[in-house]
Number of protein chains: 2
Amino acid sequence: MSTKDEFLAEAADLLGERGFTTDTEFVTPWLTDWRGRFTGNALALASPASTQEVADFVKVCAKHLVPIVPQGGNSGMSGGATPDESGDAVILSLRRMDSVRGFDVDARQITCDAGLILQTLHETVEAKDLRFPLTLGGKGSATVGGLISTNAGGTQVLRHGSMRAQVLGIEAVMADGTVFESLRPLKKDNRGFDLKQLLIGSEGTLGIVTAATLRLLPALADRAVLWAGVGDIRDARKLLLHSERVAGDALEGFEVMPRHSLEAVIAHNPNARSPLQESHEWNALIELTADASGAEALPALAQSLLESAFEEGLVADATIARNEAQAEAFWMLRDDIAPAERALGPAMQHDISVPVPDMAEFVADAVPKVEKAFPGSRAVAFGHLGDGNVHFHVLAPKGATPGEWENTDGKAISAFVHDEVTAWNGSISAEHGIGQLKRDELARLGDPAQLAIMRQVKQALDPQGLLNPGKLVPLETMPEHL
Amino acid sequence: MSTKDEFLAEAADLLGERGFTTDTEFVTPWLTDWRGRFTGNALALASPASTQEVADFVKVCAKHLVPIVPQGGNSGMSGGATPDESGDAVILSLRRMDSVRGFDVDARQITCDAGLILQTLHETVEAKDLRFPLTLGGKGSATVGGLISTNAGGTQVLRHGSMRAQVLGIEAVMADGTVFESLRPLKKDNRGFDLKQLLIGSEGTLGIVTAATLRLLPALADRAVLWAGVGDIRDARKLLLHSERVAGDALEGFEVMPRHSLEAVIAHNPNARSPLQESHEWNALIELTADASGAEALPALAQSLLESAFEEGLVADATIARNEAQAEAFWMLRDDIAPAERALGPAMQHDISVPVPDMAEFVADAVPKVEKAFPGSRAVAFGHLGDGNVHFHVLAPKGATPGEWENTDGKAISAFVHDEVTAWNGSISAEHGIGQLKRDELARLGDPAQLAIMRQVKQALDPQGLLNPGKLVPLETMPEHL
């Protein structure tokens with residue numbers, strides 16, 4: 001028996017029929033990322049049912065030097081869960097592990113398997129008048145393990161932080177099959193390096209997250225959603241600072257979109273209406289929220305925020321959603337930008353951040369620069385101004401050939417945008433991670449000192465390079481695999 | 001010239017007279033930790049004036065294999081900044097680097113050198129109507145770098161988190177002299193492992209923190225300080241949950257102390273008065289705070305918290321401080337526990353945590369167990385119930401010989417307490433770190449898997465074992481030093 005056959009036999013024996021398959025019918029759907037940008041090959045699909053099975057399976061892989069690509073809901077944005085084309089690796093799906101292990105309503109903590117889907121998590125905690133303060137478009141497929149491995153963001157980061165801030169404890173299987181377990185959350189624990197933090201956001205390259213304990217918040221009792229028109233992105237920044245001052249912790253979201261995006265949404269979605277009569281260069285969507293302890297004061301707070309913003313000349317026009325339906329309608333305008341912009345033709349999308357105080361200046365500077373360097377293109381920035389994170393889309397000139405444009409001018413545009421971001425001390429990946437999509441750009445633009453330290457850590461914790469090879473920061477020299 | 005003389009000559013040449021000395025008059029004060037538990041020896045005291053000097057000095061040390069003990073205010077609780085007795089190491093003091101590098105009032109961020117003293121930081125930001133939400137007893141000497149390296153806690157962790165939560169970016173010099181720089185804070189950045197998190201709390205064993213960017217909050221506009229008497233530690237826990245529900249984010253502190261501690265304070269401090277007429281088995285000190293946006297609602301919130309607690313039968317008696325002077329007096333009772341308990345005779349002190357939901361049960365269980373196992377001793381738990389962190393003091397029986405008792409029964413008591421904490425999935429160091437004080441207990445009780453991973457990381461980032469040797473998790477095999 002070849003070593004490959006030996007591996008397959010041992011793995012099948014360990015995980016059983018439901019847990020291990022080489023049948024292309026079952027494997028193929030997971031070989032392509034959901035945006036359809038990357039397609040790879042795999043030796044097999046492993047779906048262990050428990051942490052112990054994950055650990056035992058990793059040991060079998062380590063013994064035979066079979067690389068492992070961990071996968072959650074396969075809804076990542078950077079191809080981080082898609083194997084390469086070699087077909088050497090197995091996909092390790094965590095989807096079968098989707099139980100809630102423990103739920104302490106009083107302490108507002110839930111412990112769940114890595115395969116639990118975000119939407120299910122939301123529903124589970126909402127049934128107990130609690131909420132999990134992170135959400136995103138892919139919530140119907142994204143898993144807790146994937147959210148942790150990519151340190152996912154969303155529209156509530158301004159107030160509640162990204163996934164890292166929600167994680168109280170994790171369990172993970174390391175490259176040698178060791179189980180790292182720190183699920184019982186200690187609010188204070190100073191017994192050495194916080195290894196949990198190292199695993200969060202490591203995209204499955206240092207360990208495979210198998211479970212987590214997450215913090216929860218009291219259910220929202222009320223929200224107030226405001227829409228404001230401003231003349232300039234710098235005014236939007238002033239309005240953000242003003243909102244922080246007036247609303248304090250009640251400020252949960254602050255999103256911006258340019259005139260172009262709002263018009264695109266209205267053209268694209270027949271149900272969309274502009275909240276304001278006049279058109280403005282920039283629009284801000286502001287959400288204030290309160291749990292039971294602050295609900296009574298919320299309407300007055302929203303009113304006072306708006307009035308003081310008018311008084312100080314910070315807004316050209318503004319309105320407060322009259323009811324929940326209108327609040328939803330305001331948010332739909334924001335959520336529809338990506339599909340509406342996509343409907344306009346090919347575009348290069350960039351998920352970038354710069355230091356929060358600099359974002360307005362960055363947008364004001366970079367948009368005309370890009371449009372000048374690439375005549376006919378149009379740059380559009382929208383999103384989380386309060387986080388210093390915008391989605392920076394550059395639309396192809398009219399008449400560009402889709403497919404071809406992305407690989408020629410599109411590539412040059414991305415490099416240009418990433419260069420600009422780097423010059424502003426920013427990040428070429430604010431919330432979507434590196435995966436394989438941005439791996440080479442990270443190698444090109446990342447701080448060499450930081451890249452070297454990352455490689456040292458990767459080398460120490462996965463010396464055989466078995467965990468998610470070719471993603472994020474690959475080892476300097478790749479060891480031989482099966 | 002011997003290699004030692006060569007090292008001394010190169011270091012003196014690099015750092016100059018103000019930056020490098022072997023004069024015992026200057027070196028000796030820094031050889032003993034402030035609690036006087038550990039005294040070591042050192043080859044020299046280095047006090048670089050800039051990050052570049054730190055980096056260059058570390059390179060000289062690496063060349064000659066001279067170990068380095070980084071030191072901030074020398075106010076640590078676990079001997080982490082005190083060299084061992086060999087005299088092989090140099091002390092690297094960050095105290096000369098105490099500048100504010102940048103202060104963005106709008107963005108509420110400050111960037112400062114590692115040697116800036118906490119009290120100076122407080123004063124600097126308060127002058128601009130901001131506050132830094134972490135404080136502790138040693139604030140007059142503790143430095144920003146030391147607070148980061150030990151992930152310091154304090155009484156505001158309940159609401160604002162420990163030092164980790166305040167750090168937006170850091171700069172550090174690694175063991176080979178590489179400068180790790182991520183000072184420009186990006187609120188969102190998913191470009192790989194969050195190395196900053198690895199350095200926070202690593203007690204100078206992975207890198208030397210030279211600067212940091214910290215988050216700030218709006219100045220407090222008002223606070224309400226409540227004192228409640230309850231019959232049982234479990235009732236205190238119920239009151240905590242109730243306070244969280246009613247006060248939400250306004251709840252900034254929740255401290256508990258047993259009758260014994262309050263009586264000790266009153267006996268020790270002639271100015272201390274009990275806030276309540278009757279004596280209660282347990283006392284809770286509750287602080288609610290508000291910035292300008294919530295100040296108006298605060299008195300009513302405190303009143304309603306108290307009234308509902310009475311209605312639900314959660315408190316035996318309670319009162320709200322009438323004014324700031326009385327609020328200070330309430331807090332003095334809490335702050336004086338440690339000296340008051342110390343005045344009663346020798347005691348073993350333990351800085352422990354268990355999962356927050358379990359702390360009340362743990363105290364109820366462990367106190368009688370310890371007192372039974374060690375007849376005549378008295379166990380007292382007080383502190384941060386809301387963080388699952390109490391200071392667990394065990395007083396010697398009357399007539400015990402100080403000095404001798406600590407090394408005999410005292411040692412056995414500490415091992416007993418640490419065993420109990422470990423059985424409850426707790427931490428033997430909640431906020432004070434490991435240093436040299438708890439190094440052997442960590443090796444004895446720590447999870448072997450986690451200790452192994454920590455050693456792998458240490459080995460990868462400091463293969464020569466030059467950074468703070470003998471602290472936290474020493475390398476398996478110590479390399480030869482100069």
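Colleague: How many residue pairs does the rule find in polar contact across the interface of chain B and chain A?

Modeller: The rule finds 36 residue pairs across that interface, both residues being at pLDDT 80 or more; a polar contact is a pair of N or O atoms within 3.5 Å, where within protein one must be able to donate a hydrogen and the other to accept it, and where residues adjacent in sequence count only if both atoms are side-chain atoms. This is a predicted model, in which local features need pLDDT of at least 70 and side-chain atom pairs count only at pLDDT 80 or more, while totals for chains, interfaces and linings use all residues. Residues are numbered from 1 along each chain as its sequence is written, chains are lettered from A and ligands numbered from 1 in the order in which they are written, and side-chain values use heavy atoms, with hydrogens and water left out.

Colleague: What makes B:R184 and A:D358 a salt bridge?

Modeller: The closest N and O atoms of B:R184 and A:D358 are 2.4 Å apart, and the rule asks for a side-chain nitrogen of Lys or Arg within 4 Å of a carboxyl oxygen of Asp or Glu, so the pair qualifies. Across the interface of chain B and chain A the rule finds ten salt bridges.

Colleague: Which residues supply 16% of the area that chain B buries against chain A, and how much do the two chains bury between them?

Modeller: Chain B and chain A bury about 6,000 Å² between them, with 58% of it on carbon and sulfur atoms; buried area is the accessible area (1.4 Å probe) that two parts lose on being put together, summed over both. B:K188, B:N190 and B:F193 supply that 16% of chain B's share, more than any other three residues.

Colleague: How do you know through which surface the copies meet?

Modeller: In chain B, 79 residues are in contact (heavy atoms within 4.5 Å) with 79 residues of chain A. Because 100% of the interface residues of chain B are also interface residues in chain A, the copies meet through the same surface.

Colleague: Why is A:S308 called buried?

Modeller: Buried means under 20% relative accessible area, exposed over 50%, and partly exposed in between (1.4 Å probe, protein chains only), and A:S308, at 16% relative accessibility, therefore counts as buried. A:S308 lies in helix α11, residues 298–311 of chain A, a helix being a DSSP run (H or I) of at least four residues and a strand (E) one of at least two, numbered from the N terminus. The side chain of A:S308 makes a polar contact of 2.9 Å with the side chain of A:H242.

Colleague: And what makes A:V394 and A:T21 count as buried?

Modeller: A:V394, in strand β18 of chain A, has 0% relative accessibility and so counts as buried; A:T21, in strand β1, also counts as buried because its value is 18%. Among the residues in contact with A:V394, leaving aside neighbours within four places in sequence, are A:M348 and A:W405.
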